[in-house]
Amino acid sequence: MMPKDENELLTKTNRGTPAGELIRRYWQPVALSEELPAGGAPLSVRILGEELVLFRDDQGRVGLLGIHCSHRGTNLSYGRIEDGGLRCLYHGWLYDIHGRCLEQPGEPGGGEHRDQIRHCAYPCTEKAGAIFTYMGPGEPPLLPNYDFLNASPDHLYTSKIFHACNYQQANEGNIDPVHLSYLHRFFENRDERYRGVRGASESHYNLVARNSAPLIDVELVDFGARIYTVRKLANDQSYLRVSYFILPNLSAFPGQTGGEGYSINWHVPIDDTHHWKYTFVYSAGAPLKKELVNGERSELSPDYRLMRNESNRFLQDRDAMKSKTYAGMGTGFQAHDAFATASQGAIQPSSHLRPHLSRSQCLHGVTLSSLAPHDKSKLGPVAFHDSG
């Protein structure tokens, strides 16, 4: 078990905490673009423990401000979008996206000291159907030039899902390859071509069910970690799956696009006990299939909460557990993962993967880095399911 002080080092994200300051130095998703249409109402948002208001001004620019007016603290999410900014309903103070106070109509001289006001404001940009913000010090860095952020809409599905737990324990689930053989197991063979494995004639689901104790190796890289998972199969074959942890709070893994893309789970703290998981499903080859997109959306309510949730016990079907799925919670992975991570409690005292990966599930005396690229023959024929 990780000591309490070390666990809090990773899980506490308010301003002034080590993890909070780290995450603030990276661009973070704060909302979906569809939540803030032109002419739409401002949004009250909470991110990293801060209460903020997100709005699109009458010129189409996006701003993120402290939610309480600098004058008397009135909630700005009820304000008016007009005259190049967001106007407080109480006394008419008008703020632009940079936090400048443009007007103080009730003050002497129309607010002769308004230029001294610098309301809390964070820069924003839009990419890939999401609005990103930078909440750190100084000038923001460039937004990473990830392929999925530049994809056309027919090659990308973007959404978000509410999770009632700390961001860290859900992100840990992304880099835990063993749970795929249990939590997401199907008892029926599945022949879903968009979930195919390169070099194999069947789906990922069938392959992970055949070996529930894979060999695992972790390679530390400049952006985070690369996780290699090898499942030995029949006929001297091996199924190699590669996934990634990307600092500070997202993961990439082989997606639902038949080896032509990948998926991203980007875990953004609301506060220390809740977070949004932003999901990006990217296809580098053919456009995403409509049945995939419709299936993902059907799991969510209009406010991006899972239809299967703790209040209805994830609609678990005990009969389905006998012949269809291991968890009995339908076929959608998002509900499976939300159950497994949130039911641990809001902040789970973390044991992490490291103590376990150093034992039976690691590649004994051999690392994949020593096998790749010149000696993968030691693994036997490999069916690749890599994120490229």
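# Group meeting talk: a walk through a predicted model

Let me start with tyrosine 26, which sits in the loop between α2 (18-24) and β1 (28-32). Helices here are DSSP runs of H or I with at least four residues, strands are runs of E with at least two, and both are numbered from the N terminus. A word on the source: this is a predicted model, where local features need pLDDT of at least 70, side-chain atom pairs count only at pLDDT 80 or more, and totals for chains, interfaces and linings use all residues. Residues are numbered from 1 along each chain as its sequence is written, and side-chain values use heavy atoms, with hydrogens and water left out.

Back to tyrosine 26. Is it buried or exposed, or partly exposed? Tyrosine 26 counts as partly exposed, because its relative accessibility is 32%. The cut-offs are these: buried is under 20% relative accessible area, exposed is over 50%, and partly exposed is in between, with a 1.4 Å probe and protein chains only. Areas come from the Shrake-Rupley method with a 1.4 Å probe, and for residues only the protein chains shown count as cover.

Now the whole protein. It has 9 helices and 19 strands. Of its 388 residues, 51% are buried. The accessible surface comes to about 18400 Å², and carbon and sulfur atoms hold 51% of that. Contact means heavy atoms within 4.5 Å. Among contacts with a separation of 6 or more, 58% join residues 24 or more positions apart.

Next, the inside. A nonpolar core is a set of buried Ala, Val, Leu, Ile, Met, Phe, Trp, Tyr and Cys residues joined through side-chain atoms within 4.5 Å. The largest has 45 residues. Which of them touch the most other members? They are Val30, Leu54, Phe132, Phe148, Ile264, Trp266 and Phe280. Strand β17 (residues 261-271) gives the most to this core, with 5 residues. Take phenylalanine 280. Leaving out residues up to four places away in sequence, its contacts include Phe132, Phe148, Ile264 and Trp266. There is also a second, separate core of 12 residues, with Val53, Phe55, Ile67 and Cys88 among them.

On to serine 33. It lies in the loop between β1 and β2 (43-47). Serine 33 is buried because its relative accessible area is 18%. Its side chain makes a polar contact with the side chain of glutamate 126, at 2.8 Å. A polar contact is a pair of N or O atoms within 3.5 Å; within protein, one must be able to donate a hydrogen and the other to accept it, and residues adjacent in sequence count only if both atoms are side-chain atoms. Arg56, Gly129, Ala130 and Ile131 are also among the residues that serine 33 touches.

Look at helix α3 (residues 167-174). Here 7 of the 8 residues are buried. Tyr167, Ala170 and Asn174 are among the buried ones. Asparagine 166 caps the N-terminal end of α3, with a side-chain oxygen 2.8 Å from the backbone nitrogen of glutamine 168.

One more loop. Isoleucine 117 is between β8 (101-103) and β9 (121-122). Serine 70 is 47 residues away along the chain, yet the two C-alpha atoms are separated by 7.8 Å. Isoleucine 117 touches residues including Ser70, Trp93 and Tyr95.

Last topic: charges. Side chains of opposite charge can pair when their charged atoms come close. A salt bridge is a side-chain nitrogen of Lys or Arg within 4 Å of a carboxyl oxygen of Asp or Glu. The count comes to 15. Glutamate 21 pairs with arginine 25 at 3.1 Å, N to O. Glutamate 50 pairs with arginine 24 at 3.0 Å.

Arginine 87 and glutamate 103 form another bridge, at 2.9 Å. Arginine 87 is in strand β6 (residues 85-87) and glutamate 103 in strand β8, so the pair ties together parts 16 residues apart in sequence. Arginine 87 is buried at 9%, while glutamate 103 is partly exposed at 31%. Shared partners join Arg80, Glu82, Asp83, Arg87 and Glu103 into one network of salt bridges.
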